[in-house]
Amino acid sequence: MSGRCNLCGRGTVGGNNVSKSNKKTKRTFQVNNSPGTIRSECLNECIRLARICSKCTRTIDHVGGFDQYALKFLKNIKLNSIDRVIQFAKRAVKCKGRASLQPGNATR
Ligand SMILES: [Zn+2]
């Protein structure tokens, strides 16, 4: 399980080095992981992750925070993440759902 992203569960995959003479030798492709924290604006909480891939970091930035990310990708998180993250994402989605029901809270 080592080397897997804690959020999306992507891990090492295999492939070939292909030389000019088209000889193929086995190689592995590692995930670009680094430690980091994810922050839920709605819950006002952070959790620290030992490994989060750069793709996930960029996606979270792109959609505008972990709350939106959790809303959009909860299904993926449930399938691939570690338990701690799943609980965190569920709570973020719940909180986000409540906030959007009350129009006063949506605009700050
Ligand atoms: Zn990831």
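1. Contacts along the chain. In this predicted model, residues 24 or more positions apart account for 44% of the contacts in the chain that have a separation of 6 or more. Buried residues make up 23% of the 108 residues.

2. Overall dimensions. The C-alpha trace spans about 65 × 25 × 20 Å along its principal axes. The radius of gyration of the chain is 18 Å, whereas a compact globule of 108 residues would have a value near 13 Å.

3. Order of elements. The chain contains four helices and four strands, and from the N terminus on these elements follow one another as β-β-β-β-α-α-α-α.

4. The nonpolar core. The largest nonpolar core comprises 19 residues, and those with the most contacts inside it are Leu 7, Cys 56 and Ala 70. At least two residues of this core come from each of strand 4 (45–53), helix 1 (54–63), helix 2 (66–80) and helix 3 (83–101), with helix 2 giving the most, namely five residues. If neighbours within four places in sequence are left aside, Leu 7 is in contact with Leu 49, Ile 52, Cys 56, Ile 77, Ser 81 and Val 85.

5. The hairpin of strands 3 and 4. Strand 3 and strand 4 run antiparallel and are joined by seven bridges, and they form a hairpin with four residues between them. Ser 40 has Glu 45, in strand 4, as its bridge partner.

6. Ile 47 lies in strand 4, and because it has 16 C-beta neighbours inside 10 Å it counts as partly exposed. Not counting residues up to four places away in sequence, Ile 47 touches Thr 37, Ile 38, Arg 84 and Phe 88. Although Ile 47 and Phe 88 are 41 residues apart in sequence, their C-alpha atoms are 8.1 Å apart in space.

7. Two asparagines with positive phi. Most residues other than glycine have a negative phi, which is the background for the next two cases. Asn 22, in the loop between strand 1 (13–18) and strand 2 (24–29), has a positive phi near 65°, and with 6 C-beta neighbours inside 10 Å this residue counts as exposed. Asn 44, in the loop between strand 3 and strand 4, has a positive phi near 55°, and with 8 C-beta neighbours inside 10 Å Asn 44 counts as exposed too.

Definitions and conventions: Residues are numbered from 1 along each chain as its sequence is written. This is a predicted model: local features need pLDDT of at least 70, side-chain atom pairs count only at pLDDT 80 or more; totals for chains, interfaces and linings use all residues. The radius of gyration is taken over C-alpha atoms; the globule rule is 2.2 Å times the number of residues to the power 0.38. A residue is buried if 20 or more other C-beta atoms lie within 10 Å of its own, exposed if 12 or fewer, and partly exposed in between; C-beta atoms are placed from the backbone. Two residues are in contact if their C-beta atoms, placed from the backbone, lie within 7 Å. A nonpolar core is a set of buried Ala, Val, Leu, Ile, Met, Phe, Trp, Tyr and Cys residues joined through C-beta atoms within 7 Å. Two strands pair if DSSP finds at least two bridges between them.
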